[in-house]
Amino acid sequence: MENNSSPATGLQPIRCRAAVCRKPGEPLVIEEIIVAPPMPREVRIRIICTSLCHSDLTFWKLKDPPGIFPRILGHEAIGVVESVGKDVHEVKEGDTVIPTFMADCGECKDCLSNKSNLCTKFPFSVSPGTPRYGTSRFTDLNGEVIHHLLFVSSFTEYTVVDIVNVTKVDPAIPPNRACLLSCGVTTGVGATWRTANVEKGSTVAIFGLGSIGLAVAEGARICGASRIIGIDVNPEKFETAKKFGVTEFVNSRTLGDKLSQAVIEMTDGGADYCFECVGMAFLVEEAFKCCRQGWGKTIVLGVDKPGAVLNFRSYDVLHRGKTVMGSLFGGASPKSDIPTLLKWYTDKKLELDKFVTHEVGFEDINEAFNLLIEGKSLRCVIWMNK
């Protein structure tokens, strides 16, 4: 058992409810846990609401490492600072904050540059502990350690997050909208705005019309793309996709290996920007074929299985002048870009409402999983106390 007391600050452990994932693929168990006080440069947050992201499903199912149990899932959330550890000066008790899996330390070469959002000091990882100490702040009532997820773990009334993973936000913004910027919407919109820098009048092709793909469409719409082509195996997604700015739909299932040929023909030489939002190597390669020679960019957002390899012909890279780019968290720097996106929301430029298809209370969290598994929801917001 880890030492849960914090003599430096005099803060006490908190006993609260959490939805604990005890076995892979099994319903989460709502139980009482102990949340330790924050260590130096950490904050303890009372979660207001959280939303379910597809990555949570991925970790929920994982039987082998980096799957680990028991664990508190959840990484898209908003909350209020309950207490701060030693040497925290960026936020104070009572501040409204959004936790993110991406760190923004504000000190390293990357965080000081506007070219990158990949913090060198606290690099992204799927470690089961906190980023600074590698340990857990959660134990069950028997003293057994419960592991963290992606430095956030929001399926609990209280969590502890490092200050580098916390962004202070305007408390006036509805929490059931602001929480979406903790991961999914920022990833999709950021990919068009920060990574690709989509220009007005350009043609965009999106591979996969799940919530990330639709966030890409929303970003492309905001950037002023003239054509936004949605590519998916499910034609029923097109009606929903239209609300996010998708102008045309291509059914990849019926086209099979003629997909790239069809996209090249309908765009007169290829799309200016292709976004892969599924996480399959062959789709990245297909997207690369579909982007225009000379200036076409293929942006990879989908998370593929570990060890997946991309295959491109050297000839195509040299002679076609195309670019392939990765976009983690949409290339967005949390502490500067999340407040910008929230301003876009209040200015009615970014439409967050249409992403939320369901809202449930914390005791119904397993229903949120069912809705996502059945393909019935984009984002289901889970309220802690409502």
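Analyst: Let's start with Asp87, which sits in the loop between β4 and β5 (96-99). What is the phi of Asp87 near? The value is near 65°, which is positive in a residue other than glycine.

A word on ground rules: this is a predicted model, where local features need pLDDT of at least 70 and side-chain atom pairs count only at pLDDT 80 or more, while totals for chains, interfaces and linings use all residues. Residues are numbered from 1 along each chain as its sequence is written, and side-chain values use heavy atoms, with hydrogens and water left out.

Now to the loop between α1 and β4 (76-84), where you'll find Pro66. Pro66 is joined to Pro65 by a cis peptide bond, with omega about 10°. Pro70 lies in that loop between α1 and β4 too, and a cis peptide bond links Phe69 to Pro70, with omega about -5°.

Follow the chain back to α1 itself. Helix α1 (residues 54-61) packs on helix α11 (residues 365-373) at an angle of about 100°, their axes 11 Å apart; axes are lines fitted to C-alpha atoms, for helices over the stretch in contact, and angles run from 0 to 180 degrees between N-to-C directions. That makes α1 roughly perpendicular to α11, since 65 to 115 degrees counts as roughly perpendicular, under 35 as roughly parallel, over 145 as roughly antiparallel and the rest as oblique. On the α1 side, His54, Leu57 and Trp60 meet Phe369, Leu372 and Ile373 of α11, contact meaning heavy atoms within 4.5 Å. The residues of this contact are five nonpolar, one polar and no charged (Ala, Val, Leu, Ile, Met, Phe, Trp, Tyr, Cys and Pro count as nonpolar, Asp, Glu, Lys and Arg as charged, and the others, Gly among them, as polar).

On to the sheets. Strands of a sheet pair through backbone hydrogen bonds, either parallel or antiparallel. The antiparallel pair of β1 and β2 (residues 29-35) is held by seven bridges, and Ile14 stands opposite Val35 in β2.

The other open sheet runs β12-β11-β10-β13-β14-β15, six strands with parallel pairing. At its edges, β12 (248-251) and β15 (323-326) each pair on one side only. From one strand to the next, the twist averages 20°. Within this sheet, β13 (residues 273-276) and β14 (residues 297-300) share four bridges in the parallel sense, and Phe275 has Ile299 in β14 as its bridge partner.

Residues in the contact include Gly184, Val189 and Trp193 of α3, along with Ile212, Glu218 and Cys223 of α4. This contact of α3 with α4 divides into eight nonpolar, five polar and one charged.

In the other pair, the axes of α7 (residues 259-266) and α8 (residues 281-290) come within 9 Å and cross at roughly 30°, so α7 and α8 are roughly parallel to each other. α7 also passes α8 in a right-handed crossing. Leu259, Ser260, Val263 and Ile264 of α7 touch Glu286, Lys289 and Cys290 of α8, a set of four nonpolar, one polar and two charged residues.

Finally, the record: UniProt, in an unreviewed entry, places "domain: Enoyl reductase (ER)" at residues 25-382. Its positions follow the numbering used here, feature names are shortened, and annotations may be inferred rather than shown by experiment. In the model, the end C-alpha atoms of residues 25-382 lie 19 Å apart, and the span is 27% helix and 22% strand.

Terms used: Two strands pair if DSSP finds at least two bridges between them. Helices (H or I, at least four residues) and strands (E, at least two) are DSSP runs, numbered from the N terminus. A crossing is left-handed if the near helix is turned anticlockwise from the far one by less than a right angle, and right-handed if clockwise.
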